[in-house]
Amino acid sequence: MKSDHSSDDKDLYSGLIRLHVLHHAVEEPIFGLGMIEELTRHGYRIGPGTLYPLLHSLERKGYLRSSEQHNGKSRRKVYRATPLGRKALKAAKNKVHELFHELMEND
């Protein structure tokens, strides 16, 4: 995973990327290339070799469910958040909100 930040910091951002993915999967069905483009808009440079294992991991943990979408001859794997994923995102939002306020207090 590459970002606009130092490569030493990439572990700090991996959780944020997971939250971005989960957030968008709650809002609407997502797919790999679309998420790569969305994350790029947020300043993350992440390739398929990083994103697809992340999607598969979220699916194994029960946060996402995948299905195949057919469009003519092409197929696309799309992901949607599960009820467990929605619950986990809600809990994460509370933690992020708390952290945001702590970080901004000291500025």
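## Salt bridges, a buried leucine and model confidence

E38 forms a salt bridge with R41, their closest N and O atoms lying 2.5 Å apart (a salt bridge is a side-chain nitrogen of Lys or Arg within 4 Å of a carboxyl oxygen of Asp or Glu). Do keep in mind that this is a predicted model, where local features need pLDDT of at least 70 and side-chain atom pairs count only at pLDDT 80 or more, while totals for chains, interfaces and linings use all residues. Residues are numbered from 1 along each chain as its sequence is written, and side-chain values use heavy atoms, with hydrogens and water left out.

**Overall layout**
- The protein has four helices and four strands, taken as DSSP runs numbered from the N terminus (helices: H or I, at least four residues; strands: E, at least two).
- Read from the N terminus, the order of elements is β-α-α-β-α-β-β-α.
- Of the 107 residues in the protein, 31% are buried (buried means under 20% relative accessible area, exposed over 50%, partly exposed in between, with a 1.4 Å probe and protein chains only).
- Among contacts with a separation of 6 or more, 45% join residues 24 or more positions apart; a contact means heavy atoms within 4.5 Å.

**Salt bridges**
- The structure holds two salt bridges.
- E38 counts as buried because its relative accessibility is 15%, whereas R41 is exposed, with a relative accessible area of 60%.
- R75 pairs with E68 in a salt bridge whose closest N and O atoms are 3.6 Å apart.
- R75 counts as exposed at 59% relative accessibility, and E68 as partly exposed at 47%.

**A look at L39**
- L39 belongs to helix α2 (residues 32-41), and its relative accessibility is 0%, so L39 counts as buried.
- Leaving aside residues up to four places away in sequence, L39 touches I17, H20, V21, Y44, I46 and L51.
- I17 is 22 residues from L39 in sequence, with a C-alpha to C-alpha distance of 7.5 Å.

**Confidence**
- The average pLDDT of the protein is 87, and 89% of the residues score at least 70; pLDDT is the predictor's confidence in each residue, from 0 to 100.
- Among the elements, helix α3 (residues 48-60) has the highest mean pLDDT (95) and strand β1 (residues 2-3) the lowest (42).
- Over residues 1-6 the pLDDT is below 50, and this stretch has 15 contacts in the model beyond near neighbours in sequence.
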